Every structure is written in structure tokens, then in C-alpha cells.
Amino acid sequence: MTAACVVMGGRRVLFVMAIDAEYGPHLQARITPLMTGVGPVEAALAMAVTLDRMAQAGTLPDLVVSLGSAGSRVGMLGEVYQVASVSWRDMDASRLGFTKGVTPLIDHPVDIPLVTPLEIRALRLSTGANVVGGEEYAAIDADMVDMETFAIARACQRFGVPLMGLRGISDGPGELNDMLGWTQLLSLIDEKLAVAVDALGEAL
């Protein structure tokens, strides 16, 4: 499947997702996203390569939208939220005097703000390479967790493309013990993300 921009309100919008499991029939009827694979490394590779090719062809999008599922103990299960900002929970060079969450010798804030054009509640998101569950949430300074958005944000910054995020809450309360704990709400999230995509078209 080749990703394709969607024209919304005269703007070229590129949707980005991690994996087919989150790409249900409601989204399939609306968008053809870039699929990055799971985790910050795969997301950074896929996003940077795609944007570089688009830049060379003169077809960079006007907006990138990262969408999919997230864990949270703050957001309601099955509900969709915009991403107010994204941070990188894996980065910790504090022993060298750098603020936790800031990449050494690179000028970016702990929380990178994203665009929030919709009338949907926005929550802070933390990206990392681990699946979060149970009491691990208490150590994370954010409302939601995922594994890709910070990497996508850094690639978008490199190419000067604005980024927004939409996340449906698939898990969070209690411990996450198996795949079913993540996948059981994905069909509902697919439906609600599709509604948000429609609203984005109207907002743009």
C-alpha cells in the first residue's frame, strides 16, 4: 500500500499510522496512510524517508496527521483525543547536565507542541520504545503514551511540516497483560478516528 495525501480544504494532508491492526474499515474508506511500523526507530526511518522523497518531488504535505491508539490513565477508554504536545520518555542524559527528555546538543523542548485544529480535548503525549502498563504510568509526565509520535514530530520539524496527532485510548487502567488488552477496542477507535478525520476536513 502506497501512502497518499488527501486534499482537505485545499491543503495536502498526509496521514501516518503504525500498523494495520489500527487501520479499520472506517479509516480505510477515507485515507491511505503511511504505515511506519511499531516504535520510534521504525517511525523515524519511515517518516524521514517519505518526507525526503516528497521534498525532492516538490510534493511535501501541508500537514501530517499521526493517528492510532494510545494508553492512558487520564483519557477515557475508547475516546479520541488530540495531541497537545509530545515528549520522548526514553531520552535521559541528565547525568551530563541535560534536562531529561531533551536530546543532547539539539535544541528542542521537552514537550513539542502540535497543532490542534479540532474542537476535541487535547492531552499531552509521551513517546517511548516500551509498552506501558500498571504503575509505570505514575513515572510518566504525560496524559497518554504511544511509541511513534515524537519520532514523527522530529522528522516533520526537519522538513518544516506541521504535525497534529489523534489518539484513541485503547488501554490504561490496570495492568496490560496481553495483545487482547490492546486490541479489543481498536474497532471502536477506528470508527471514532474516522469521525475526527471528517471533522478535520471541515475544520481545514
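**Exercise 1.** In this predicted model, find which residues Val64 touches, leaving out residues up to four places away in sequence.

*Solution.* Start from Val64 and list its contacts: Leu14, Val16, Met47, Ile152, Cys156, Val161, Pro162, Leu163 and Met164, with residues up to four places away in sequence not counted. The largest nonpolar core holds 26 residues, and Val64 is one of the four that touch the most other members, together with Met47, Met144 and Ile152. Then ask where the members come from. At least two residues each are supplied by strand E2 (11–17), helix H2 (40–57), strand E4 (63–72), strand E5 (80–88), strand E7 (122–127), helix H3 (149–159) and strand E9 (163–171). H3 makes the largest contribution, six residues. Finally, note that another core lies apart from this one; it has 22 residues, including Ile31, Val65, Leu186 and Ala194. As background, nonpolar side chains in soluble globular proteins tend to be buried together.

**Exercise 2.** Describe the lining of the second largest pocket and state which helix supplies the largest share of it.

*Solution.* The pocket has a volume of about 330 Å³. Its lining consists of 15 residues, and those nearest the centre are Ala44, Phe150, Ala151, Arg154 and Ala155. H2 and H3 each provide at least two lining residues. The largest share, six residues, belongs to H3.

**Exercise 3.** Determine how many salt bridges the model has, and explain why the pair Asp198 and Arg30 ties together parts that are apart in sequence.

*Solution.* The count is six salt bridges. In one of them, the side chains of Asp198 and Arg30 meet with an N to O distance of 2.9 Å. Asp198 belongs to helix H5 (residues 186–203), while Arg30 sits in the loop between helix H1 (25–28) and strand E3 (34–35), so the pair ties together parts 168 residues apart in sequence. Now check accessibility for each partner. Asp198 is partly exposed, at 36% relative accessible area, and Arg30 is partly exposed at 35%.

**Exercise 4.** Work out where Lys192 and Glu79 lie, and whether Arg167 and Asp146 are buried or exposed.

*Solution.* Lys192 and Glu79 form a salt bridge whose closest N and O atoms are 2.7 Å apart. Lys192 lies in helix H5 and Glu79 in the loop between E4 and E5, so parts 113 residues apart in sequence are tied together. Lys192 is partly exposed, with a relative accessible area of 28%, and Glu79 is partly exposed as well, with 30%.

Turn to Arg167 and Asp146, which form a salt bridge with the closest N and O atoms 2.9 Å apart. Arg167 is in strand E9 and Asp146 in strand E8 (residues 144–146), so distant parts of the chain, 21 residues apart, are linked. Both Arg167 and Asp146 are buried. There is also a network in which salt bridges with shared partners join Asp111, Arg124 and Asp141.

**Exercise 5.** Locate Ser87, decide whether Ser87 is buried or exposed, and list its contacts.

*Solution.* Ser87 is in strand E5. Its relative accessible area is 8%; buried means under 20%, so Ser87 is buried. With residues up to four places away in sequence left out, Ser87 touches Val110, Asp111, Leu125, Ser126, Thr127 and Phe150.

Methods
Residues are numbered from 1 along each chain as its sequence is written. This is a predicted model: local features need pLDDT of at least 70, side-chain atom pairs count only at pLDDT 80 or more; totals for chains, interfaces and linings use all residues. Side-chain values use heavy atoms; hydrogens and water are left out. A nonpolar core is a set of buried Ala, Val, Leu, Ile, Met, Phe, Trp, Tyr and Cys residues joined through side-chain atoms within 4.5 Å. Buried means under 20% relative accessible area, exposed over 50%, partly exposed in between (1.4 Å probe, protein chains only). Helices (H or I, at least four residues) and strands (E, at least two) are DSSP runs, numbered from the N terminus. Contact means heavy atoms within 4.5 Å. On a 1 Å grid over the protein atoms alone, a cavity is a set of points where a 1.4 Å probe fits but cannot get out, and a pocket is an open set with protein on both sides within 12 Å along at least five of seven lines; lining residues have an atom within 4 Å of a point. Grid points are joined across faces, edges and corners, and a volume is the space filled by probe spheres set on the points. A salt bridge is a side-chain nitrogen of Lys or Arg within 4 Å of a carboxyl oxygen of Asp or Glu.
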